[in-house]
Amino acid sequence: MLWYVTPTCCVICIHMKNVLIVFGGRSVEHDISILTALHAYKHTPEGWCVRLVYLTRDNVFVTGRRLADLDFYINGVRGAREVHFSHGAMFRRGKKICDVDAVLNCCHGGVGEGGELAAFFRVHDIPTTGPNMVSAANLMCKTTTRRVLTAANGFPQPQFHSFSVADYEKSPDSVVSAIESVLPYPVIVKPNALGSSIGISTATNRDELVRAVDLAATLDGRIIAEELIADPIEINCAAYRDGTGVHLSKCMVIEKDAVYDFEQKYLAGGTATHKKGGAPTEAPEMSAIFDEIRRQLRDAYELFDVSGVVRADFLVKMGDDGPTVYLNEVNTVPGFLSYHLWLAAGVSYTSLIERVVTQAITESRATKTTSFTSGVLAKNRSLVD
């Protein structure tokens, strides 16, 4: 049982019964999603009935006891049972398995991070952690994020040029020339809607730029080329919201030698998979920068109307006139839910899961008008008779 105090000081009793951890999906970040889900599964609160629901690479929901075993995914998915959802419950072959109180969304990229999963479960009256469809889609799209995070809104941004793969295939030279007219070398090229630094390349000349665009074009239908911030300090910070407001984690400086790519994050003992035992160092000389990072993250969280845990990646450029802080990206389903940043802030992983699930349930219970009685059908019968 959970007790939750709303902003109007009303106390809501939430009887927690069944929580689903949904993960996987058709995404290049599929495998990282599996790790996040299985890790979260070990840290759910006592007393919860928690089921793993795997979204296969073909976007089919399955469940089964073997889903908790990593070898199930390494050796091939067999023996799981397909399930579907309706009216706040999970079913198999038309028979109800359980009512569902909430879904903990652990799907990185694809439908999980782009908003489709949130929309799907909303249709079936199941609360889901993380942003709604609109917020998720806006933040998943790097181009939209850049266009919203303007200096006028309080967010310095690097120069960028966004274009479709279709336009590039029609006229590669004109697209490359358009990039060069806006951005001096070196530039950084990214798939528009992927995470985990997959498909990101830097280019110092036209030949490298073409190769970078060709790579990104195999992964996404839109590409964004950006001004490369030289020798930045990269800093991560996370946020979540509950009835008392937006909460911010400690900041962590990322130690790296070049562009922080997939291998550095996940295959070389990087921060995404390394369990943190201590707090990220917040040196006194960095305090003003950390304050600005937290200010930008709080404002962006509100600007995009986000819910659930997000991790924001910042780039800090040191100049003669002082530091410039760029909000580079907001990840709406961060790897391992950025639990290490919360541990440093004194929030346990279990408590973090409890808080975001509770918030998802509370928000779903907000009273909204969903019907409107009118005489439009009777008055317009002649249009269809």
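Two strands count as paired if DSSP finds at least two bridges between them. Helices (H or I, at least four residues) and strands (E, at least two) are DSSP runs, numbered from the N terminus. Welcome to a predicted model, in which local features need pLDDT of at least 70 and side-chain atom pairs count only at pLDDT 80 or more, while totals for chains, interfaces and linings use all residues. Residues are numbered from 1 along each chain as its sequence is written, and side-chain values use heavy atoms, with hydrogens and water left out.

View 1. Of the 385 residues, 50% are buried; here buried means under 20% relative accessible area, exposed over 50%, and partly exposed in between (1.4 Å probe, protein chains only). Among contacts (heavy atoms within 4.5 Å) with a separation of 6 or more, 65% link residues 24 or more positions apart.

**View 2. A five-stranded open sheet with mixed pairing.** Follow the strands in the order β6-β5-β4-β3-β10. The edges belong to β6 (81–82) and β10 (102–105), each with a single partner strand, so one side of each has no neighbour in the sheet. Further in, β3 (residues 18–24) and β4 (residues 49–55) run parallel and share seven bridges. Look for L20, whose bridge partner in β4 is R51. Helix α1 (residues 30–41) lies across β3, β4 and β10, at about 155° to β3. Angles run from 0 to 180 degrees between N-to-C directions, and axes are lines fitted to C-alpha atoms, for helices over the stretch in contact. Helix α4 (residues 116–123) also packs on the sheet, where it touches β3, β4, β5 (61–63) and β10, and its direction makes about 75° with that of β5.

**View 3. An antiparallel open sheet of four strands.** The strand order is β11-β14-β12-β13. With a single partner strand each, β11 (160–164) and β13 (201–203) stand at the edges, so one side of each is left without a neighbour in the sheet. On average, neighbouring strands here are turned by 25° against each other, direction ignored. Strands β12 (residues 187–191) and β14 (residues 222–227) are joined by five bridges, and K190 stands opposite I224 in β14. Helix α8 (residues 172–182) packs on this sheet, touching β11 and β14, with its direction at about 165° to that of β11. Helix α9 (residues 206–217) lies across β11, β12, β13 and β14, running at about 15° to β12.

**View 4. The largest nonpolar core, with 35 residues.** Such a core is a set of buried Ala, Val, Leu, Ile, Met, Phe, Trp, Tyr and Cys residues joined through side-chain atoms within 4.5 Å. The members that touch the most others are F23, L104, L352 and V357. Helix α13 (residues 349–364) gives the largest share, six residues. Apart from this core lies another, of 25 residues, including C237, C251, I289 and Y301.

**View 5. L104 and its surroundings.** Leaving aside residues up to four places away in sequence, L104 touches L20, I21, V22, A40, T129, L337, I353, V356 and V357.

**View 6. G245 in strand β16 (residues 245–248).** G245 counts as partly exposed because its relative accessibility is 23%. Its C-alpha atom is separated by 9.8 Å from that of R298, 53 residues apart along the chain.
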